[in-house]
Amino acid sequence: MAQWEKLRQLPAVYRQQLHELYDMDALPMDVRHYLSTWIEKQDWRRAIKDHDLAVVYFQILLENLDIQHSRFIQEESFLQQHNIRRYKQNFQRYLDDPCALANTILWFLEKEKEILQSAELAEQIQSLQVEQEPMETSSKQDLERKMAGLRNAVQCMEHTMLCLEEQQDEFDFKYQTFKMEAVVDEATKSEQMKSFQFLINKLNESRKSTLSSLNQILDKSDDLIGLLMNKELMEWQRRQQKACIGAPDNFCLDQLEKWFTCVAVCLFQMREFLGKLDELEGKLSYDGDPVKAQKPALWRRADTLLKNLLKSSFVVETQPSMPQGKGSLVLRTNVQFSVKTRLLVKFPELNHSMKVNVTMDREAPQIKGYRRFNVLGTKVKALNMAESLSGGMVADFRHLTLKEQKSGGGGKGVSDISLSVTEELHIIFFDSLFDYKGLSVELQASSLPVVIISNSSQQQSAWASILWFNMLSQNTKDVMFFANAPAATWPQFGEMLSWQFLSATKRGLDDAQLEMIAHRLFGKQKNYDNCIVAWSKFSKENTPDTFWVWFDGILVMVKTYLEDLWRDGLIMGFVTKAKEKSLLKKKMRGTFLLRFSESVIGGITFSWVEMTMTGEPDVKTVQPFTKVDLSQIPFQEIIRNFQIIEAENVPESPLLYLYPDTPKDEAFGKYYSEMSGQNSPYIKYIRTKLVFVSKENTLEARSPMHSDMALGEGPEPMKGLCVEAAGSNGDPHPLDSPLDTYLPDPMLSGPIVAQEEDLLMYLNNPNLFVDSDILQDEPGLPDLHLQGFNFLSPQSIIQ
């Protein structure tokens with residue numbers, strides 16, 4: 001298939017490149033289209049060097065245009081007649097230099113081949129099913145088209161400048177020869193002067209056309225710089241902010257680097273073109289010379305655009321972070337941290353030549369108690385390509401530390417506003433000097449605001465501040481953000497909470513889990529989208545057990561002990577007791593689910609369905625397991641070995657089906673230890689905590705003990721031994737004797753009484769608790785407790 005036909009069948013993005021290629025008069029697209037077959041058959045490469053062949057091609061070209069013109073006359077296509085006539089007149093400029101025409105046509109054919117090759121490569125990659133980046137949005141495609149248009153315009157300008165220089169050299173050569181010949185005949189001299197006037201007029205028109213094209217290139221550059229600075233770079237900065245707090249956003253800089261570098265290269269070429277005009281003007285100038293009049297403004301505009309581009313191209317690629325920190329942007333005094341800067345304009349010639357210097361709090365606010373810090377360590381590094389996986393120009397600072405300055409004025413400032421240490425924001429600044437091809441520009445980049453702590457106990461609160469700031473603020477230099485911290489909408493807040501789980505465990509929160517959290521914060525609502533979460537509600541109310549402390553405690557527990565179970569979706573986690581009861585009471589006996597405690601920080605529990613003597617479903621719940629338990633035995637082993645003894649029956653597990661109906665061993669089996677029973681490495685824990693005895697007479701109704709509720713914080717009691725017990729008549733009475741003065745009940749059998757030490761460990765660590773949500777709704781339910789130990793309030797299974 002002919003080359004032109006292939007080009008016409010390309011996808012839209014490549015056809016746009018073709019349109020931009022022919023967006024100049026050097027070779028009109030109409031001529032390329034109507035004469036495509038003839039153009040592609042000629043040996044233009046040979047014609048560049050063979051003047052006679054170039055003359056032949058030139059004449060045939062004009063003849064073909066005449067034929068095409070006649071055809072349009074017959075078709076009465078008035079507009080096309082006009083265009084073809086104009087094109088033929090324009091080609092007359094090649095009359096004296098047909099080789100230049102051959103060179104021009106060959107250049108266009110080569111550019112067409114490049115477009116075809118890029119399209120074919122993309123098609124090959126797709127056919128090989130190589131993993132692709134997500135489909136570009138229309139805005140990205142538009143940017144790519146504009147970038148290709150700028151590159152093509154600059155390449156065409158290279159050709160134009162070459163032709164302009166040759167045209168001026170031709171005039172200069174003829175004019176100098178004329179002066180050396182010293183023609184005496186006035187008539188001849190007059191004719192030659194007219195010829196020179198014609199040539200100078202042509203040169204003047206060429207200069208005007210060149211200056212116009214340079215202005216158009218600067219217009220394209222200005223448009224692209226606006227898109228890069230005001231859209232692409234700002235969007236990248238926002239993605240980086242969100243990624244710092246767990247969002248799965250891609251904030252890779254490689255694509256931005258290609259775009260920034262492309263525009264910078266084009267602008268430096270523009271400066272070379274202007275330098276060439278300087279040179280041509282120096283050789284030849286005349287009254288009304290457009291170069292002399294317009295060139296200074298073009299220089300100023302090109303340099304302004306280039307400086308703006310360079311200043312915005314210096315960024316912090318990796319925000320400050322400590323190796324063992326909870327997340328980036330929380331730094332601790334005297335503890336090393338790392339940070340990486342990057343120059344998006346990549347010129348290999350500058351490798352190792354640009355130095356980057358680190359400073360701190362250059363624009364610190366004058367407020368009461370605001371601390372100042374010095375940066376210590378290797379504070380000066382060179383931008384280089386060796387420390388970047390992608391070969392970018394980076395300065396990677398890996399061994400910086402912060403030291404607080406002594407407060408000479410008692411920490412006083414001009415403002416009475418005071419912020420807590422974990423609400424105090426600081427900015428780290430980076431300076432460099434770009435000096436290349438006669439252009440010198442001072443560059444500055446700054447980190448996102450960091451929180452600086454002096455003790456690890458402040459880490460949790462500091463991270464809360466980082467979450468809040470980067471969730472809500474796009475003003476990355478607003479160090480006074482917490483002087484009047486804005487509230488978050490529930491959609492913003494819920495998304496941020498989900499990111500915490502997603503980044504820590506690769507599985508975020510689903511809608512049902514988020515709804516439970518919203519219910520905890522706002523109560524029952526039909527729709528939470530309009531609900532607002534204040535900063536104080538998130539991190540200050542109910543100190544020390546704020547909402548964030550509760551949520552983060554769960555997150556740490558899941559990340560440390562339950563990550564696999566959470567990632568597989570085995571833990572429902574965030575579900576209210578009322579919802580839990582509603583879900584389980586519709587299920588068969590032995591159905592259970594796993595839920596995070598609402599009152600015990602970093603606790604997880606499970607509830608299951610039992611059947612009463614009347615055949616009614618009954619939900620029972622164990623006291624939450626915390627990191628103390630989970631550090632001794634994996635949670636899946638707790639689920640596997642949890643058993644109950646009813647009266648004198650053989651111990652059995654009440655946990656049969658993970659909600660909604662998955663057999664327990666099918667759900668958890670792949671996580672079980674290979675050893676079980678007496679060979680289990682967790683046998684001691686199993687004996688002392690995971691086998692329980694219930695009272696045979698389960699129909700004796702009594703109200704829940706107020707001590708159970710008093711020990712809790714809200715809907716669940718705290719873990720531990722109760723201080724009151726039920727007597728034989730069901731009335732509570734004080735526990736007034738030590739546990740070890742009582743003898744074990746001889747009716748007990750099995751592993752519970754196998755060892756007295758194990759039994760006492762169980763008595764001191766009962767792991768069953770009152771399901772207070774149910775108790776609040778149904779205060780008359782019976783109390784199931786340890787058979788033979790009625791002197792205790794064992795916090796055993798309560799209906």
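1. pLDDT is the predictor's confidence in each residue, on a scale from 0 to 100. Keep that in mind here, since this is a predicted model. Over residues 695-799 the pLDDT stays under 50, yet the model has 216 contacts beyond four places in sequence for that stretch. Residues 128-135 also stay under 50, with 3 such contacts.

2. For the chain overall, the average pLDDT is 80, and 82% of the residues score at least 70.

3. Now to the helix pairs. Helix 6 (residues 51-74) and helix 7 (residues 78-91) have axes that come within 9 Å and cross at roughly 165°. Angles over 145 degrees count as roughly antiparallel, so that is what helix 6 is to helix 7. Their crossing is left-handed.

4. Who touches whom in that pair? On the helix 6 side you'll find Phe58, Leu61, Leu62, Leu65, Asp66, Gln68, His69, Phe72 and Ile73, and they meet Gln80, Gln81, Ile84, Arg85, Lys88 and Phe91 of helix 7. By class, that contact divides into 8 nonpolar, 4 polar and 3 charged residues.

5. Further along, helix 11 (residues 254-283) packs with helix 12 (residues 290-312) at about 155°, the axes being 10 Å apart. That angle makes helix 11 roughly antiparallel to helix 12, and the crossing is left-handed.

6. In total, the contact of helix 11 with helix 12 has 14 nonpolar, 2 polar and 6 charged residues.

How values were computed: Residues are numbered from 1 along each chain as its sequence is written. This is a predicted model: local features need pLDDT of at least 70, side-chain atom pairs count only at pLDDT 80 or more; totals for chains, interfaces and linings use all residues. Side-chain values use heavy atoms; hydrogens and water are left out. Axes are lines fitted to C-alpha atoms, for helices over the stretch in contact, and angles run from 0 to 180 degrees between N-to-C directions. Helices (H or I, at least four residues) and strands (E, at least two) are DSSP runs, numbered from the N terminus. Angles under 35 degrees count as roughly parallel, over 145 as roughly antiparallel, 65 to 115 as roughly perpendicular and the rest as oblique. A crossing is left-handed if the near helix is turned anticlockwise from the far one by less than a right angle, and right-handed if clockwise. Ala, Val, Leu, Ile, Met, Phe, Trp, Tyr, Cys and Pro count as nonpolar, Asp, Glu, Lys and Arg as charged, and the others, Gly among them, as polar. Contact means heavy atoms within 4.5 Å.
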